[in-house]
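Have a look at the sequence and the fold before reading on.

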Amino acid sequence: MKILIMGLGALGTVYSCLLKENGHKVLGLVRESLVSVVQEQGVKVTGIWGDHHAKLDNVVAGAGILRDTDIDMIIITVKSFDTEQVIRQIKHLVSPSTYVVLLQNGYGNYEAAVKHVPPAQLILGRVIFGAETLAPGASKVTVIADDVIIGAPNNQIDFKILAHLAGVFAEAGIPTKASAEIMKNLWGKIIYNSALNPLGAIFKVNYGKLAEVKESRLLLEKIIREIFELLAVSEQETFWPDADAYLKDFFEKLIPTTAAHHASMLQDIQNGKRTEIDALNGAIVRLGREYGVKVPVNEMVTLMIKAKEKFNYTDQSLKK
C-alpha cells in the first residue's frame, strides 16, 4: 500500500517505521524543520516491540508536493486541536479509494474530519499503547494495555475492508482488530483519559499514585460519574452498563496495567506545549451544556489545565 503519515511525533513515527519495514511505501508529512533530519536518519522505534529502523520513501513539509500522488491510506496522528487544519491540507489527496484513519485522543476528531472527507472513507482508531519521542523521527514504545481498535461510526465502511486494514497493521507488528462498535471503544478511552490525564498533569504523579491517594481517587470517581451521567442523557452506549461497573474495571484492571505511566498532558505542559484538554474534559463540558447536564468537576479540571498552560508559557518566556 501507499501510505501517508500526517505527523511524525511519537505515534506517527511508530506507524511509519513499522509499516515501511513491512514493505509498504510510506510517505511522511512533517514540519519544515524536520524534513532533512528524517530524510537523512530515517525513523527508529525501540522499546517493548524491539528495535526497528527504516528510511521512508519521501518526507515533505507541504501536501501540495504530493498533489499527483495516489494514496491508499492517510494516517492522521497530529494533536486533536490540529485535526481540521490538517484535513484541509490533505483533502485534495483523498481519492474515492483513499481511506483516512484518525488515530487521535479525545472527542471531536471525526466531527472535524467529516466536514471535508466522506464518512464512507473515514476510519476511527482507539490507540491504547504508549510511545515517547526520543528525538526527531525516533520513538520508544513503552506500554500496551490492549490491541488498537479501528472502525467506522454507523458502520459506514464494509467490515471486510476494516478487517483487511487491521490485518495490514497487525502484520507490521501493531496489534490491531476491527470493530463494529468503534464509538463504544472510543468512549472507553475518552473516559479513561479524561479522568487520568488532567489529574496526572495537575498533581505530577503517575496513574497508580492517583488511585492510591484518597482525595485524588475521589476526584477520579467524580469525573467518571459525571461523564456517565452525560452519556446516559445523550444515549451514547458504552461497554459498561453504568458508572459503578466502569469504576470497578477502572480501579481493578485498567489502572494496574498502566500504574507507572505519566500523563502525556503533563509532558506537554512541561515542554511548554498546548494540551488536548479541549478534546477531553473540555469536550465533556461542551456536551454537558448541549444536553443540559452539569459537570462541575470536569469543568474545574479543564480550567485548571488551561491555567497551567498559560502559567507554564509565561515561565518558559521568562527563561528565554
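Predicted model: local features only at pLDDT ≥ 70, side-chain atom pairs only at ≥ 80, totals over all residues.

Let's begin with α1, which runs over residues 10-21. How much of α1 is covered? Mostly covered is the answer, with 10 of its 12 residues buried. Going along the helix, the buried ones are A10, L11, G12, T13, V14, Y15, S16, C17, L18 and L19. After α1 comes G23, and its phi is positive, near 105°.

Next up is α6, residues 182-203, and its partner α9, residues 243-257. Their axes are 12 Å apart and the packing angle is about 75°. Anything from 65 to 115 degrees counts as roughly perpendicular, so that is how α6 sits relative to α9. Who touches whom here? On the α6 side you'll find G188, I191, Y192, A195 and L196, and they meet Y246, F250, L254 and I255 of α9. Sorted by type, the residues of this contact come out as 8 nonpolar, 1 polar and no charged.

Is N185 buried or exposed? With a relative accessible area of 9%, it falls under the 20% cut-off, so N185 is buried. Setting aside neighbours within four places in sequence, N185 is in contact with R126, I149, S179 and F239.

The second pair is α8, residues 214-234, with α11, residues 281-291. This time the axes are 10 Å apart, and the helices pack at an angle of about 40°. That angle makes α8 and α11 oblique to each other, and α8 passes α11 in a left-handed crossing. From α8, the contact uses I223, I227, L230, V233 and S234, while α11 brings N281, I284, L287, G288 and Y291. What kinds of residues make up this contact of α8 with α11? They divide into 7 nonpolar, 3 polar and no charged.

Note on methods: Residues numbered from 1 in each chain as written. Heavy atoms only, no water. Axes fitted to C-alpha atoms, helices over the stretch in contact; angles between N-to-C directions. Helix = DSSP H or I, 4+ residues; strand = E, 2+ residues; numbered from the N terminus. Parallel < 35°, antiparallel > 145°, perpendicular 65-115°, else oblique. Left-handed = near helix turned anticlockwise from the far one by under 90°. Contact = heavy atoms within 4.5 Å. Nonpolar A, V, L, I, M, F, W, Y, C, P; charged D, E, K, R; others polar. Expected span 1.5 Å × (residues − 1). Buried < 20%, exposed > 50% of the residue type's maximum accessible area, 1.4 Å probe, protein only.
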